[in-house]
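Here are my notes on the model below. Please read them with the coordinates open.

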Amino acid sequence: MTVLSFDSKQFKFHAIALIVCLALSAIAYGNIVDSFFLSDDFNWVYQVKTRGPLGVWTTPPDVFFRPLVSLTLFFDYQIWGLNPVGYHLTNIFFHGLNGFLVYQLSRLLFRGAKLAGKFVTIFSILSAFIFIILPSHVEAVTWIAARSDVIATSFGLAAFCCYLKYKETGDRRWFLFSYLLFLLGLLSKESVLVYPGFLFLYEIYDHINQKKSANKIYKIFYLPLIYATAFFPYFGLRYWGLKQFIGGYGSDVHMNFDFAILLRGLYSSIRIFIPPLNPVYAGIWPLSFSVFLAVILIFTIVCFWKGGIYNSIAKLVILLLGLFFVSLLPVINIPVSLWTTEGERLLYLPSVFLVILSVFVLGFLLSRFRLITAIVFITLSLFFSYQLYASNQKWIAAGQISKQVLESIDRELEGDGMFLINIPDSLNGAYIYRNSLYPATQLFCQSQIDWIDNASFHNILSPSDAVDVTQIAENEYRVQLRSPGTFFMNVHLPFEDRLETQNFTISDVDYTTLQSFTIKIKERIKPNQVAYYSQGQVISLKN
C-alpha cells in the first residue's frame with residue numbers, strides 16, 4: 001500500500017492553482033460583493049439570527065435538510081451581521097474552490113485513462129477556467145440563498161477526487177476522506193445522493209479499462225455499496241429533523257417521472273452553455289441538445305473505430321457522459337427556465353461533467369490546429385465573460401430594488417403594518433420578493449412592523465417598470481401593469497385560484513394578458529395602511 005507522501009513541489013503547484021482559481025472567481029464575481037439581499041436570503045438570515053446555528057432547513061415546517069449550509073449562514077451572520085459582503089464572499093470562495101476541484105478531477109480522470117502530456121494539462125486548466133466563468137452559474141453564486149448547490153458540489157467533488165486517489169494509490173486513508181466528505185455533502189444538499197452512482201459508473205469503467213476478469217465483476221458493486229451505507233445515518237437525521245423522508249418540493253415533483261417532463265429536463269440541461277433565449281426560440285433547445293449528443297456519439301464511435309489510444313479516449317468520453325446524466329437525476333424533473341435565469345442553480349453540479357467532457361472533446365478535435373484552438377477558446381471565454389457580467393448586473397439591479405422597497409416601506413408606513421396590492425417577484429429571473437418580505441422588514445426596517453401582507457406578485461423587466469392603481473369605489477381599485485411582457489402571478493397557487501382572503505377580494509382579472517385586475521380591500525385594513533409598488537419603490541395610497 002502506498003503511503004501518503006509530501007511533495008513540496010507538487011504542493012506548491014497545487015497551492016498556486018488554488019490561489020489562481022480563487023482569484024479568478026473573485027474577479028468574475030467582484031461586482032456583486034456588496035449587492036443587497038434578495039428573497040429567501042432574508043428568511044435564512046432571520047432564521048439563524050432568531051433560531052441559532054441550525055435555524056435553517058433542519059426543523060418543520062422547512063422541507064429541506066441542509067444543516068451544514070445553515071452553519072455557514074450562521075457564521076456569516078456572526079461575523080458580518082447584516083452586511084451582505086461577507087455572505088457573497090463565502091459563495092465566491094466555494095465557487096473558486098470548485099474551479100480548483102474541477103481541475104483536479106480532470107487531471108485524475110485523464111491520468112486514470114492513461115492519458116498524459118501537455119495537452120491533458122491544458123485541458124484540465126481550461127476546464128477549471130470555463131467552469132469558473134460560466135454565466136449559467138450566476139444564480140448559484142450570486143444569490144446567497146443558493147449557496148447549498150455551491151457548497152454541496154465542493155464536498156461532492158472533493159469526495160470524488162479522494163476516491164480517485166484511493167483507486168490510484170490504494171491508500172485507505174483517501175477512501176476514509178472520501179467517505180467523510182460524502183457525508184458532509186449529504187448534509188449540504190440532497191443532490192449529492194447520486195454520489196454512489198458516480199462510483200458505480202467509474203467501477204464499471206475501471207473494470208473494462210483494466211480488462212479485469214469476469215469472475216471479479218462483483219467488485220463493481222463493492223465500493224458503491226459501502227458508500228451507500230452513509231444513507232442510513234443521513235436519512236435517520238433527516239427524518240429526525242424534518243419528520244419526513246422526501247421533503248423538498250414534494251413527491252408530486254420529485255417522484256414525477258412523466259416522459260415529457262424527463263425529456264424537457266434532458267434538453268434544458270444545454271442551458272449550461274446557452275444563455276436564456278426569447279420563448280419564440282423554444283425549438284432551439286431540443287435541437288441544440290440533439291446536435292450536442294450526436295457530436296459526442298459520433299466522436300466516440302470514430303475513436304473506437306480507430307483503436308489504440310483512441311479506445312481510452314472513447315471510454316473516458318462515455319464515462320463523462322454517464323457522470324453528467326447521473327448528476328442530472330436529482331433535478332431532471334424540476335423545471336429550469338429557458339428564457340430567464342430562474343432555476344439555473346440546479347445545473348451547477350451537472351455542469352462540472354459537461355464542462356470537462358466538452359473541453360476534452362473540443363480540445364482533442366482541434367489539438368492539431370493550435371491557432372484555431374486558441375481562437376475558439378478565447379472567443380468562448382469572451383462570450384461567457386460578457387454574459388456573466390451582464391447577468392450579474394441584473395442581479396445587482398434586483399438587489400437595489402430590494403433595498404429601495406424596504407426603505408420606502410419604512411418611509412410610508414403608518415401604524416403597525418402595511419397591506420401591499422402588489423410586489424415585484426423577480427427582475428428578468430433574478431428573485432426580489434418571491435418570499436421573505438416580512439423577515440426582510442424585521443431585519444432592515446427601523447419602524448415596528450407587526451404584520452405585512454401583499455395581494456399579488458408580478459415580474460418586472462426593468463427597474464423603471466410602472467404600475468397604475470386607480471380608485472374606482474371605496475376601498476376598490478383597478479390595478480394595471482404598464483410594461484409589455486410583465487404579468488401578475490401568484491407563486492404559491494395559480495393566480496386565478498386565489499380570489500379572496502380575509503384581507504381582499506380580486507375580480508375582473510384579465511386572463512388573456514394577466515396585466516390587470518380589480519381588488520377590493522376589506523374594511524379591517526385601514527386606508528392609510530394600503531400601498532403599492534411601482535418604479536422601484538412602495539407608494540402609499542394616502543399620497
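1. A cavity here is a set of points on a 1 Å grid over the protein atoms alone, where a 1.4 Å probe fits but cannot get out; lining residues have an atom within 4 Å of a point. Points are joined across faces, edges and corners, and a volume is the space filled by probe spheres set on them.

2. A word on the source. This is a predicted model: local features need pLDDT of at least 70, side-chain atom pairs count only at pLDDT 80 or more, and totals for chains, interfaces and linings use all residues. Residues are numbered from 1 along each chain as its sequence is written, and side-chain values use heavy atoms, with hydrogens and water left out.

3. The largest cavity has a volume of about 60 Å³. Its lining includes Ala152, Thr153, Gly156 and Leu157. Ser191, Val192, Val194, Tyr195 and Phe198 also line the largest cavity, as do Leu349 and Phe353.

4. Which helices each supply at least two residues of that lining? They are H7 (147–169), H9 (195–209) and H16 (348–366). H7 gives the most, with four residues. Helices (H or I, at least four residues) and strands (E, at least two) are DSSP runs, numbered from the N terminus.

5. By class, the lining of the largest cavity has eight nonpolar, three polar and no charged residues. Ala, Val, Leu, Ile, Met, Phe, Trp, Tyr, Cys and Pro count as nonpolar, Asp, Glu, Lys and Arg as charged, and the others, Gly among them, as polar.

6. The second largest cavity has a volume of about 50 Å³. Asp149, Thr153, Lys189, Ser191, Ser327, Val331, Leu346, Leu349 and Pro350 line it. H7 and H16 are the elements that give two or more residues to this lining. The lining of the second largest cavity divides into four nonpolar, three polar and two charged residues.

7. Now the strands. S6 (residues 467–473) and S7 (residues 476–481) run antiparallel, joined by six bridges; strands pair if DSSP finds at least two bridges between them. The two form a hairpin with two residues between them. Asn475, in the turn, has a positive phi of about 60°.

8. S7 also pairs with S10 (residues 516–521), in the antiparallel sense, over five bridges. Arg478 in S7 has Thr470 as a bridge partner and Thr518 in S10 as another.

Notes. On a 1 Å grid over the protein atoms alone, a cavity is a set of points where a 1.4 Å probe fits but cannot get out, and a pocket is an open set with protein on both sides within 12 Å along at least five of seven lines; lining residues have an atom within 4 Å of a point.
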